[in-house]
Each structure stands twice: as C-alpha cells, then as structure tokens.
Amino acid sequence: LGLNLGLGVKPRHIPEENRLTNYVADTFALVGTIVLWMFWPSFNGSLLFDDASVQQRVVVNTYIAICASCVTAMVTSHLVHGGKLNILEVQNATLAGGVSIGMSCSYQMEPWVPCLIGGLAGILSSVGYGHISGAWRTWV
C-alpha cells in the first residue's frame, strides 16, 4: 500500500502552492527540532534503566552524533547552495544524526566514532535533501 501510494501520487499532480512551505510551518518545524534535541537522547537511553553508566554513555554518544550531523549539514549546505544556509537541511540532519547513532549508542566507543557517524549522516542528509530530492522531483 505504501509503495503504491508513493508511486501513485506524483509531485506534478500536486499543485505548486501546496508544495511550498510558509513561515508558520517552518517555525513549527524549528520548534519540533528543538524538542528533538531535548528528548531524542533520553529516548535512546530509556530502555536501559538497569545501568546508569550505560544511560550516560547513550546520551553523550547521541548528543555527539547530533552535534556532528548539524555542523556537517551546515557546512555542506553552505557549500552546496553557494554560501546560503538552508535550515530545512539542518533540521533533517538533526533527525538523521540521532537515528544513525541509535543502534550503536550504547557501545563503549571513542568520541570520534559517534562524531564520524553523525557527520556522515549530516552530509548524506544535506546532499540528499539539496540535490537528490530536486532531481527526483524532476524525474518523477
């Protein structure tokens, strides 16, 4: 059903005014990103209630990955768009950094590992949103 819906509803069938965002929607998305910053690390560590040291490790690794994904998304967005920063790419990269470290955040690792994982997620998210989604819209 999801594949059928995804392939059946094409962007060219949706009017242009319904595809654009506005100030209010972007403001609420930014508030959602702030909530994501506050609660995603505790969400990752919520199931590990037995050991406080593991919870601390999860929260720290998640914050490192989210920070790295946001910084690399800002740099990538700046480079891709010729000096302009697209805040939607940074918002998507925030989620990508938290999700990318989610499975391995409880492991004992050096700080550069979550930084690398989050950084790669931020770059991939920014490039994907900036270039691949635009190419996909013209192709579909």
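From the N terminus on, the elements of the protein chain run α-α-α-α-α-α. That comes to six helices and zero strands. Helices (H or I, at least four residues) and strands (E, at least two) are DSSP runs, numbered from the N terminus. This is a predicted model, in which local features need pLDDT of at least 70 and side-chain atom pairs count only at pLDDT 80 or more, while totals for chains, interfaces and linings use all residues. Residues are numbered from 1 along each chain as its sequence is written, and side-chain values use heavy atoms, with hydrogens and water left out.

**Whole chain**

- Of the 140 residues of the protein chain, 28% count as buried. Buried means under 20% relative accessible area (1.4 Å probe, protein chains only).
- Among contacts between residues at least 6 apart in sequence, 72% join residues at least 24 apart. Contact means heavy atoms within 4.5 Å.

**Helix H3**

- H3 covers residues 23-45, and its end C-alpha atoms are 34 Å apart. The expected span is 1.5 Å times one less than the number of residues.
- A kink of about 40° lies at Phe39, shortly before the proline Pro41. The bend is the angle between axes fitted to the seven residues ending at a residue and the seven starting there.
- Thr33, Leu36, Trp40, Pro41, Asn44 and Gly45 are buried in H3. Their cover includes helix H4 (52-80) and helix H5 (87-101).

**Two buried residues**

- Ile101 is found in helix H5. Its relative accessible area is 0%, so Ile101 is buried.
- Beyond its neighbours within four places in sequence, Ile101 is in contact with Asn44, Asn61, Thr62, Ala65, Pro114 and Ile117. Ile101 and Pro114 are 13 residues apart along the chain, with 6.6 Å between their C-alpha atoms.
- Ser126 sits in helix H6 (residues 112-139). Ser126 is also buried, with a relative accessible area of 0%.
- Leaving aside neighbours within four places in sequence, Ser126 is in contact with Ala73, Thr76, Ser77 and Glu89.

**Second largest pocket**

- Its volume is about 160 Å³. A pocket is an open set of points on a 1 Å grid where a 1.4 Å probe fits, with protein on both sides within 12 Å along at least five of seven lines.
- Lining residues have an atom within 4 Å of a point. Among them are Phe43, Asn44, Val58, Met103 and Cys105.
- The lining divides into six nonpolar, four polar and no charged residues. Gly counts as polar, and Cys as nonpolar.

Technical notes. Buried means under 20% relative accessible area, exposed over 50%, partly exposed in between (1.4 Å probe, protein chains only). Grid points are joined across faces, edges and corners, and a volume is the space filled by probe spheres set on the points.
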